Amino acid sequence: MVSVKVQYVLAFCIVAVVGSPSDDGKWHPYRFGDNGKYIPTDEGKYIHIPNPYIHVDNPYDGGFGPYTHEDEPYVVEETVQDQYRLVLTPPKDLPFYKDGYYKNNGIKIISQKHNYMEDKYDFDFETENKIRAKENAVLKNPNTIDEGIASQGFYEYIGPDGFMYRVEYTADENGFRPKTRRLETPYSGKWVLEKVN
């Protein structure tokens, strides 16, 4: 019995080896027809299946429903900002405006120069309380109807706020034309920022 089974298995293997076509890696045209030419078929051809887009009117609402406009303007909360102003501090140790300064001592002249001539003059003086003046003048158009004096100069003094006030001027046939300046001194107060709120 065992030998019969072995014979069947052996016969089956021989048939399988002999009956299978040989694949030697060469091209055999008879496998694909009589002449070996390519025979086209519809196998693998693209077939269009129409599938048009259908719009579904179901917009995404984020779970909150459709958008509705509320006509409420945006109101910015007011923030309190620091506000400042410029303030002039009082002058420091200004002796010229203290009570009794002029009563006891009077005003002393520190320097004085003057030169007077027939067709011109000039002068310059300064006092101990920082008053100073200087002027130069000439006679214009002498012995005519347009005769006059043309002068240039300045005067200056320290005010109660400690600043020096200086007036520079020209005076001639066009009138008196001053230019004023306010200058800091060691006595003057300083401008500082002071918080308002």
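A charge sits over a ring if NZ of Lys or CZ of Arg is within 6 Å of the ring centre and within 35 degrees of the ring normal. The structure is a predicted model, in which local features need pLDDT of at least 70 and side-chain atom pairs count only at pLDDT 80 or more, while totals for chains, interfaces and linings use all residues. Residues are numbered from 1 along each chain as its sequence is written, and side-chain values use heavy atoms, with hydrogens and water left out.

**Exercise 1. Charges over rings**

Task: State which ring Arg 182 lies over, and at what distance from the ring centre. Do likewise for the charged end of Arg 166.

Solution. 
- Step 1. Arg 182 is placed over the face of Phe 163, with 3.9 Å to the ring centre.
- Step 2. The charged end of Arg 166 sits over the ring of Phe 154, at 3.7 Å from its centre.

**Exercise 2. The chain as a whole**

Task: Describe the secondary structure of the chain and the order of its elements.

Solution. 
- Step 1. Helices (H or I, at least four residues) and strands (E, at least two) are DSSP runs, numbered from the N terminus.
- Step 2. The chain has 2 helices and 8 strands.
- Step 3. Read from the N terminus, the order is α-β-α-β-β-β-β-β-β-β.

Solution. 
- Step 1. Buried means under 20% relative accessible area, exposed over 50%, and partly exposed in between (1.4 Å probe, protein chains only).

**Exercise 3. Aromatic pairs**

Task: State how many aromatic pairs the whole structure holds, and describe the pair of Tyr 155 and Tyr 169.

Solution. 
- Step 1. Rings of Phe, Tyr and Trp (its six-membered ring) pair if their centres lie within 6.5 Å; planes under 30 degrees apart count as stacked, over 60 as edge-to-face and the rest as tilted.
- Step 2. The search of the whole structure gives 6 aromatic pairs.
- Step 3. In the pair of Tyr 155 and Tyr 169, the centres are 6.4 Å apart and the planes make an angle of 45°, a tilted arrangement.
- Step 4. Tyr 155 belongs to strand 5 (residues 148-158) and Tyr 169 to strand 6 (residues 164-172), so the pair ties together parts that are 14 residues apart in sequence.
- Step 5. Tyr 155 is partly exposed at 38% relative accessibility, whereas Tyr 169 is buried at 10%.
- Step 6. Ring pairs also link Tyr 116, Tyr 121, Phe 123 and Phe 125 into a cluster.

**Exercise 4. Salt bridges**

Solution. 
- Step 1. A salt bridge is a side-chain nitrogen of Lys or Arg within 4 Å of a carboxyl oxygen of Asp or Glu. The whole structure contains 10 of them.
- Step 2. Arg 166 is buried at 17% relative accessibility, and Glu 168 is partly exposed at 27%.
- Step 3. Arg 181 is partly exposed at 43%.

Task: Characterise the salt bridge of Glu 184 and Lys 190, then name the residues joined into one network.

Solution. 
- Step 1. The side chains of Glu 184 and Lys 190 meet at 3.5 Å, N to O. Glu 184 is exposed at 54%, and Lys 190 is partly exposed at 34%.
- Step 2. Salt bridges with shared partners join Glu 156, Arg 166, Glu 168 and Arg 181 into one network.
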